[in-house]
Amino acid sequence: MGPLHIRIQNEIRDILLALGFNSECEYRGNGWRADVYAENGDRKFAFEVQLSPQTYKRTEERQAIYIREGIIACWLFENDPSKRRQEKEDLPVFKIVECDNSLYVSLKGRKMLPLGVFIHDFVCGGIKFCSTLKPIPSVEVNFIEMPCNRCGSINHIYFLSPFKSACNAEISEMEAERMWSDSKFSFDKRIVEKVEQYVNGPGKEYFNLATIKRRYSNTVGDSYLSFGCADCDAIFGDFFVHEAIMESYYGDGVIETFTFNTNAVEEFKQEIPHWCHPGDNNFCE
Ligand SMILES: [Zn+2]
Ligand SMILES: [Zn+2]
């Protein structure tokens, strides 16, 4: 066992002792040995630190023993063998990362918690298994410029940032799949209303917001709900709008951003089981 492994074990044990647990490294039970074992009344935890590879199958086998013993085992891997798998309630697997001589635990890239925070929250109910990723009721609107090809007038169009869950996962609203249709969420009346309020607010006279309505597109051969020039009514086809949005991801195309709260985003919740760490927010579902 290398020095890093021993250091991680000791840190975990010390954190658990400070939380009022009885805790020991290299604790032996009946048919198992835990890197760090901790107990407080009926609550029993094992923390396993895997810096050397261990297959997913082997991890499951060892986990089955802990479950049989009524111990909640938590696995901290340097190289997480469950990377591409769905997260499981009966197999908490996370990634341990050393950075600038401090230890962190990554929750599938959603969050990176200092080891002390992670252990505390894991044993004190700050981390819970949820079956659904639920967006927090907040929308971020980004404005970009859109010059009109027909009359040359500079218009402003907008797009929505990906929604975020309380545990910091990105939830995409799949806008690209709704191109050339009337069902784009950014044109939902609850969104449009807030955007119009914003650009008509005090000090926002420089906005020339493109108008939103159904227009006929020669390219598509059909009509759809679209942005169009506020001055000459030419359609800004979804293909060009999409390109302009993509370009703004790389450059400094976004001229202004604002955020507002709405429950409208709830329809974008997704059945994605995960270990949820919402911090000050509410858990997903
Ligand atoms: Zn125009
Ligand atoms: Zn969550």
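Select Asp 100 to begin: this residue counts as exposed because its relative accessibility is 72%, where exposed means over 50% relative accessible area, buried under 20% and partly exposed in between (1.4 Å probe, protein chains only). The model is predicted, with local features requiring pLDDT of at least 70, side-chain atom pairs counted only at pLDDT 80 or more, and totals for chains, interfaces and linings using all residues. Residues are numbered from 1 along each chain as its sequence is written, chains are lettered from A and ligands numbered from 1 in the order in which they are written, and side-chain values use heavy atoms, leaving out hydrogens and water.

Remain at Asp 100 and display the backbone. The residue is found in the loop between strand E5 (93–99) and strand E6 (102–107); strands (E, at least two residues) and helices (H or I, at least four) are DSSP runs numbered from the N terminus. Asp 100 has a positive phi of about 50°, although it is not a glycine.

Next, select Glu 26, in strand E1 (residues 22–28). Glu 26 is not a glycine, yet it has a positive phi of about 50°. Glu 26 counts as partly exposed because its relative accessibility is 27%.

Now colour domain 1 (3–126) and domain 2 (138–268), into which the protein chain is divided; the bounds come from an automatic or database domain assignment. The C-alpha centres of domain 1 and domain 2 lie 45 Å apart.

Proceed to Trp 180, in the loop between strand E12 (170–171) and helix H4 (189–199). Trp 180 is partly exposed, because its relative accessible area is 40%.

Buried residues make up 45% of the 285 residues in the protein chain.
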